[in-house]
Amino acid sequence: MSAPRVRTSEPRAAEKRNVGTEPLRRQAGPLLHSFKRPQLSQTVRNNTYDDPMTRIIELCHQFPHGITDQVIQNEMPHIEAQQRAVAINRLLSMGQLDLLRSNTGLLYRIKDSQNAGPVSFFLSKMKGSDNQEKLVYQIIEDAGNKGIWSRDIRYKSNLPLTEINKILKNLESKKLIKAVKSVAASKKKVYMLYNLQPDRSVTGGAWYSDQDFESEFVEVLNQQCFKFLQSKAETARESKQNPMIQRNSSFASSHEVWKYICELGISKVELSMEDIETILNTLIYDGKVEMTIIAAKEGTVGSVDGHMKLYRAVNPIIPPTGLVRAPCGLCPVFDDCHEGGEISPSNCIYMTEWLEF
Amino acid sequence: MTQAEIKLCSLLLQEHFGEIVEKIGVHLIRTGSQPLRVIAHDTGTSLDQVKKALCVLIQHNLVIYQVHKRGVVEYEAQCSRVLRMLRYPRYIYTAKTLYSDTGELIVEELLLNGKMTMSAVVKKVADRLTETMEDGKTMDYAEVSNTFVRLADTHFVQRCPFVPATENSDPGPPPPAPTLVINEKDMYLVPKLSLIGKGKRRRSSDEDATGEPKAKRPKHTADNKEPIPDDGIYWQANLDRFHQHFRDQGIVSAVANRMDQTSSEIVRTMLRMSEITTPSNAPFTQPLSSNEIFRSLPVGYNISKQVLDQYLTLLADDPLEFVGKSGDSGGGMYVINLHKALGSLATATLESVVQERFGSRCARIFRLVLQKKHLEQKQVEDFAMIPAKEAKDMLYKMLSENFISLQEIPKTPDHAPSRTFYLYTVNILSAARMLLHRCYKSIANLIERRQFETKENKRLLEKSQRVEAIIASMQATGAEEAQLQEIEEMITAPERQQLETLKRNVNKLDASEIQVDETIFLLESYIESTMKRQ
């Protein structure tokens, strides 16, 4: 779909209007105009301040959130709708205005200078492309660094699938977009702009390298953290001071663990404190470590939002329970076992093996 | 009563009391309370035998009776009490640790006989102890009585309910079954008895003939006809008190594992102080002030008051939450959170079973879902840092074994699967029940295997028994070494080996039964405590 064209009717009413609002220049105006008006090209002439397009741009600058057609009409009532439409269409195609839809109607907003850059770059690159490609590119750009799936592009642009695929291939060959495999569903490919860094939710962050979950890496980190906490608890226990100090010195904050792991240098990837905290959480779920949160002053190293997480290695509270010491506790065919059947306590092979220990 | 429980009860009754009692007992457990004639008719045994079997069961507190309207007396079996028979070794061992051999024998006699009078217990225990002592020494009755009184004071033995003495004589016929009453105050009151005597050694007939003149013999028999001073006052073992003790032991060892020895001693002191004051199924103990605890610490521990306070604060702040602070008077009032402690122990049991059966990664997922209560599939993978495929596999395995359950939350009224949230959750109570059922079946399996092993080697066992009897008799008649040697060789070396193996296996199976019973105790206490609170 090409940029919408606004229909307008009356030309030339603007000049009269401008003359009317600026009395001082009125006298000099016609003279100046008669002397100094060079034979400029159409575009340059249209860029003088009494031109509807510049007026509209000024208005847009005044209202950075966007103006409706009504506002433009109020400001320049002498311009016909036709002229207005032409001006707006020109601005849209040049990429200086954004067209938005609100619940009251259509809004025109000035494109901010940041986007002006890539737009001009984009314009230079896509001179030859048609509007469909421009639209698809726009959609992908809007998706930011999370990327967008091809089906979603189809929904947003209402283009048929074949068209979309062709356009995507085109854009990829021009190195404007790239496809990134999502870690959640390995068959799904999301598209994003070429120079953007994919978001962590797509690549999985530090634990994924090329879409593969690195279990060994996680295991190694797990063990190292646990050893560090265990040795800390040991030294605290052997110091035999009064119990408060003993307990407090057996704690390690997440910051300390992070520093220790960084110094170990086992990780090729830079790990943040949150990453270490996820590893420490897995240790909690293993039942080897417990955590407390204390309030810490803002400024002490390692504190986040006024509190710090402390971790400590602990022992399990009961030894392996009685049931698992008997073969029946771990038997895989427990439900089939009954006296007089194929599998029974009298001929249980697990029991025979167990009795021979 | 589940099938597994009934099976286990039948095995236990058969092992302890024999076929007939087992038949009657199992029939009663299955069918609930029934009158005498119906029992005789349904089981096809003669009335006489049914009466004897019921006598045995009532004596051991396994069957209770009630008078219903129109004078019908109905008998009801108590399945849970039958299952306590598994725990007898543990009770006896506890008594031994607390009150040494005398206490052990007293409790053993009470458990084996159901109900006994104090004088009978004392006499029997003294006799048994005297046999084990060296020649010439005997056990004094007074010592045994002292231990008995101490057991009664700490509520380990209690009086049985008895028939109240009616002052005015009943005009009509006596009721078909007596109603038994017991006053709360009288339950642990020891009657004033003066038991004087010494334990008698059981002598073989030869020594009797040489030792004592015949004149003294009639006097011995006359002794037995004297009226017993405390006739009608029967004592039984108070199982609830033992259970309380086991629970305390569990809590103390958990604290010792998590923190250090001193903290566990403090917790033990607190529990000891609230033994008598707190009923056994209360969720919290009575609040104890830090000053009281300081005074009641065992004499060996000289830690200062300050250090004690620090320990108490640490205990109260610990994530385990066994000890809570309930106030600040008296230097800080502390309670022990019994319900929470039992819950933690039961959860730890569940976790341990999951870890041993499925592996430590599954245990990680299990603990994760326990802590976070409800989780989606994706969240489980993220938190546990386990690859998606493996995590899915483990979750489904645990789901099929009923450790984890699914909670469905539909987004649309038509419950379409694609638009429903499926959350994994752990229901501790139902998982505990499931595990308890498995424990019962496991113990039944172990008992069966033990009986099978014994039956397999029956011939060998009988032979070895015969040989031992022959050797004993020959030793008594003063045979020579060579003859003894010859008879001992009747058992060949491989047979001896077989006997050794058999003994070892039977011991192992026995020990394993007791270990599984520990798990049963934890789970049952937790389930009971939770049901009481609801």
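**Reading salt bridges, strands and a patch**

Mentor: Let's start with one side chain: B:K7 is partly exposed, with a relative accessible area of 34%. Buried means under 20% relative accessible area, exposed over 50%, and partly exposed in between (1.4 Å probe, protein chains only). Some ground rules: this is a predicted model, where local features need pLDDT of at least 70 and side-chain atom pairs count only at pLDDT 80 or more, while totals for chains, interfaces and linings use all residues. Residues are numbered from 1 along each chain as its sequence is written, chains are lettered from A and ligands numbered from 1 in the order in which they are written, and side-chain values use heavy atoms, leaving out hydrogens and water.

Trainee: Which side chain does B:K7 meet in a salt bridge?

Mentor: A salt bridge is a side-chain nitrogen of Lys or Arg within 4 Å of a carboxyl oxygen of Asp or Glu. Here B:K7 meets B:E448, at 2.1 Å from N to O. That pair links distant parts of the chain, 441 residues apart: B:K7 sits in helix α1 (residues 3-17) of chain B and B:E448 in helix α19 (residues 428-456) of chain B. Helices (H or I, at least four residues) and strands (E, at least two) are DSSP runs, numbered from the N terminus.

Trainee: And is B:E448 buried or exposed?

Mentor: B:E448 counts as buried, at 9% relative accessibility.

Trainee: How far apart along the helix are A:E234 and A:R237?

Mentor: They are three residues apart in helix α12 (residues 215-239) of chain A, so about one helical turn separates them. A:E234 is partly exposed at 36%, and A:R237 is partly exposed at 43%.

Trainee: What about B:R247 and B:D248?

Mentor: They form a salt bridge too, with the closest N and O atoms 3.4 Å apart. B:R247 is buried at 9%, and B:D248 is buried at 8%. Over all chains, the structure holds 36 salt bridges. Some link up: A:E290, A:R312, B:R258 and B:D318 make a network.

Trainee: On to strands. How many bridges join β8(B) and β9(B)?

Mentor: Two strands pair if DSSP finds at least two bridges between them. Strand β8 (residues 323-327) of chain B and β9(B) have four, in the antiparallel sense. B:V323 has B:I336 as its bridge partner in β9(B). These two strands form a hairpin with five residues between them, and B:G330 in the turn has a positive phi of about 65°.

Trainee: Which other strand is joined to β9(B)?

Mentor: Strand β7 (residues 288-289) of chain B, which runs antiparallel to β9(B) with two bridges. There, B:L288 stands opposite B:Y334. Strand β9 (residues 333-336) is covered on both faces: B:M333 and B:V335 are buried on one side, B:Y334 and B:I336 on the other.
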